[in-house]
Amino acid sequence: MKEASHKYFMKLSGFFYRNKTIIFVFILLLFMAVVYGKSLNYAFVYLDDDVLILNKIDFISKYENIPKFFTSSVYASEEDFYYRPVLILSFAVDAMLGGINPFFYHLTNLLLHIFAMLLVFTFLKKLKFDELFVFLFTLLFSVHPAFVQAVAWIPGRNDSLLTIFIISALIFLFDYFEKNKEQKYKLVLFMFSYLIARLTKETAVVMTVITPLFMLVFCKGVKKKDWLTILLFVAAAGLMYVFMRNFAMTGKNTLGLTDMVKNVLKGCNYIFNYIEYGLIPVRTYLIGDYRIQLNLTTLFACIIFLIPILASLVFNVGRKQIVLFGLLWFIVFLLPAFARKNWILTHRLYVSYIGMLMIYLEFFTALFARIPVSRKYIVFLYIIIIAVFTLFSNKSVERFENRGVFYANAVAEQSEIHFARHMLAVYYLESHMYKEAEEQMEYAFTLFPSKQYFETLGNIYLLNKKYAQAQEIFEMILKEYPDDKMAMYNLSLILSVSGDTQKASVLAERLIKLYPSDSSFTEHYNKLQKNIK
């Protein structure tokens, strides 16, 4: 009986060993489905997805417009800084398949996240890290609460796309040297992947630094002429990108190098926050955070982060060059995020997090080599962390269910973000929840007294039948902007309801003279004339 049980156990062990990669991948897919499967039924949240998709659906859904994606900026405005044609192309594929059905966009986000995780798993395995730890760390990455934003929020896919092309480029480069430089086509694939990464997000410029260091640390048999070859490939792809970007961004309000450097230096403080989000992700805001909030959680996370680095540098626990490479990767992939706006968004940690994984993989592999008994405790610890992260992320995904849920949660998390309150007020307004809309809009206006918010507040008062308050607002707007058509139109409506049809008619007549092509103004004027008669 014991002999039979032993044989069965050995057979089962052999099966798992022979098929461990397939089993690892299956578990990985299962966890991601558990966390993100529900997001497939979610709607748009109207944070960039309305601008990039809904407002441009007629443009991006036509295949003949594909070349134009490469000759315009993301938002196609004079103030736009971003040139990301691959992102727009990904939206176009979804638009051609499903129009404005959000299911297709969410499905693509999930598939991109899955593919990115499989590439990360393959990449770290190729770098000869401990296979079990590679699986655990990739699984942790796949369900990490900080990256819910990259999967459940449709525009967040930019970072999973970027990761796919960056890791692909490095895998091709690694394989080229691993195969004794016999597979020349791998160099072409490296350059192509690098170029696509540049066309995906500006952060890919960091590869000009990462590529030679990666060769130095991980690639074998690199000779002097190889450095020149790779440098030429990187330069060629970089110049091609610069040419395409300059052609597309002519006349745009691009940021100068000096301003970018100043912003990056100013934003370096946020690295501590990103360390916290990577290790202790208990404060993951929907709309990021523009404040520096360094507290005990941040301090504790930084201490945890420093342990493997100091262990390597001081006590030789792990190879220093790999730990330092991981540290550099983590930092430099974050720096471009500070070039434009000092605003913390957790999805920006996506690519950078791979550097953190390298540090801990090297540390735990070295620790296990010194103290073999530690392996089971480390594995047990990570299984607990993965389980906690899975539950937390599964709940966090629900914040992206629709526009109302999204902005209600955003306001609950950070009450002082005025545009979140404005968007929530607009949602309530469209849902005929006028009282709730008024409450949110009044608060938003006190935080940021802009003309746009003032107009929205006036519209809410009008719909709430608070005519005196609405009239006061539109009269104030017209004092500063005499030709504002919506203020004139709304004031004319209020006056007609209040019984002052004559004044209402005067405003309506002025509207027709200023904006003769708008038939709604003519229709309004004709109705007033009938009432006067």
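Which residues line the largest cavity? They are D159, L162, K201, T203, F333, A337, R348, V351 and S352. Before going further, note that this is a predicted model, where local features need pLDDT of at least 70, side-chain atom pairs count only at pLDDT 80 or more, and totals for chains, interfaces and linings use all residues. Residues are numbered from 1 along each chain as its sequence is written, and side-chain values use heavy atoms, with hydrogens and water left out.

**Cavities**

Rolling a probe the size of a water molecule over the atoms shows where empty space is left. Here a cavity is a set of points, on a 1 Å grid over the protein atoms alone, where a 1.4 Å probe fits but cannot get out; a pocket is an open set with protein on both sides within 12 Å along at least five of seven lines, and lining residues have an atom within 4 Å of a point. Grid points are joined across faces, edges and corners, and a volume is the space filled by probe spheres set on the points.

Searching the whole structure turns up two cavities of 30 Å³ or more. In the largest one, α10 (157–178) and α18 (349–370) each bring at least two lining residues. Helices are DSSP runs (H or I, at least four residues), and strands are too (E, at least two), numbered from the N terminus. The second largest cavity is lined by P145, A146, V148, Q149, T284, Y285, L286, T346, R399 and F400.

For the classes below, Ala, Val, Leu, Ile, Met, Phe, Trp, Tyr, Cys and Pro count as nonpolar, Asp, Glu, Lys and Arg as charged, and the others, Gly among them, as polar.

| Space | Volume | Lining by class |
|---|---|---|
| Largest cavity | about 60 Å³ | four nonpolar, two polar, three charged |
| Second largest cavity | about 40 Å³ | six nonpolar, three polar, one charged |
| Second largest pocket | about 490 Å³ | 22 nonpolar, two polar, no charged |

**The second largest pocket**

The second largest pocket holds about 490 Å³. It has 24 lining residues, and L279, I304, Y382, I385 and F389 are the closest to its centre. At least two lining residues come from each of α8 (131–142), α15 (270–279), α16 (296–315), α18 and α19 (374–396). The top contributor is α19, with seven residues.

E202 sits in the loop between α11 (185–200) and α12 (207–218). Is E202 buried or exposed? E202 counts as buried because its relative accessible area is 16%, where buried means under 20%, exposed over 50% and partly exposed in between (1.4 Å probe, protein chains only). Its side chain makes a polar contact with the side chain of R84 at 2.8 Å, and also reaches the backbone nitrogen of Y83 at 3.1 Å. A polar contact is a pair of N or O atoms within 3.5 Å; within protein, one must be able to donate a hydrogen and the other to accept it, and residues adjacent in sequence count only if both atoms are side-chain atoms.

Two non-glycine residues have a positive phi. Y46, in the loop between α2 (20–36) and α3 (49–52), has a phi of about 60° and is partly exposed at 30% relative accessible area. K181, in the loop between α10 and α11, has phi near 60° and is buried at 17%.

**The whole chain**

The protein chain has 27 helices and zero strands. Of its 533 residues, 51% count as buried.
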